[in-house]
Amino acid sequence: MAVCAGQGEFDATGNVPCVLAIGQPMIQSEFGAARAGGGYAAVVIKKPGGRTRAIFFRMGLPISADTSEADGYPEFRATKENDLHLIRVGDERYEIPDAVILGGWRLPRQSRIQHR
């Protein structure tokens, strides 16, 4: 799964809402999701400027992100409202619906997902 995501091989692509810094407006960022079944997935979000943020899920729950020393190892936090994961990585915020991780058809209007 992580290897597939690292090679750009995704099961679903689309856009998710995100905020990349405190005080900035919410934008739509492109994502790719590599799924391994059972709720295991890596979601790679493209940030402006060409950088990416990967968020990892296990059994349908977000467990970590690809932080680094260059980022200052920001804190990872996640909550869930209905079928929407609200994820914070330091000052960054991401809204990822269950359908991205698990597949499915119930999607928030802001998120457009193309399943492959």
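This note goes through a predicted model point by point, from the whole chain down to single residues.

1. Basis. Residues are numbered from 1 along each chain as its sequence is written, and side-chain values use heavy atoms, with hydrogens and water left out. Because the model is predicted, local features need pLDDT of at least 70 and side-chain atom pairs count only at pLDDT 80 or more, while totals for chains, interfaces and linings use all residues.

2. Confidence. The protein chain has an average pLDDT (the predictor's confidence in each residue, from 0 to 100) of 86, and 83% of the residues score at least 70. Residues 105–112 stay under 50; for this stretch the model has 18 contacts beyond four places in sequence. A contact means heavy atoms within 4.5 Å.

3. Overall make-up. The protein chain has two helices and nine strands, in the order α-β-β-β-β-β-β-β-β-α-β along the sequence. Helices (H or I, at least four residues) and strands (E, at least two) are DSSP runs, numbered from the N terminus. Among the contacts with a separation of 6 or more, 37% are between residues 24 or more positions apart.

4. Surface. The accessible surface comes to about 6,700 Å², with 50% of it belonging to carbon and sulfur atoms; such areas come from the Shrake-Rupley method with a 1.4 Å probe, and for residues only the protein chains shown count as cover. Of the 116 residues, 41% count as buried. Buried means under 20% relative accessible area, exposed over 50%, and partly exposed in between (1.4 Å probe, protein chains only).

5. Ile55 stands opposite Ala65 in E5. Two residues lie between the strands of this hairpin. Met59 is in the loop between E4 (52–58) and E5 (61–65), and its phi is near 55 degrees, a positive value in a residue other than glycine. Met59 is exposed, at 62% relative accessible area.

6. The loop from E5 to E6. Tyr73 lies between E5 and strand E6 (76–81) and has a positive phi near 45 degrees, again in a residue other than glycine. Tyr73 is exposed at 53% relative accessibility. Asp71 lies in the loop between E5 and E6, but is partly exposed at 26%. Leaving aside neighbours within four places in sequence, Asp71 is in contact with Arg51, Arg53 and Asp66.

7. Salt bridges. A salt bridge is a side-chain nitrogen of Lys or Arg within 4 Å of a carboxyl oxygen of Asp or Glu; the count is eight. One of them joins Lys46 and Glu30, with the closest N and O atoms 3.6 Å apart. Lys46 lies in strand E3 (residues 40–46) and Glu30 in strand E2 (residues 27–37), so the pair ties together parts 16 residues apart in sequence. Glu30 is partly exposed, at 45%.

8. A buried pair. Glu92 forms a salt bridge with Arg53 at 3.0 Å between the closest N and O atoms. This pair links distant parts of the chain, Glu92 in strand E8 (residues 92–97) and Arg53 in E4, 39 residues apart. Glu92 is buried at 10% relative accessibility, and Arg53 is buried at 2%.

9. Glu75 and Arg77 meet in a salt bridge at 3.9 Å, N to O; Glu75 is exposed at 52% and Arg77 partly exposed at 39%. Elsewhere, salt bridges that share partners join Lys47, Arg51, Arg53, Asp66, Asp71 and Glu92 into one network.

Notes: Pairing = 2+ DSSP bridges.
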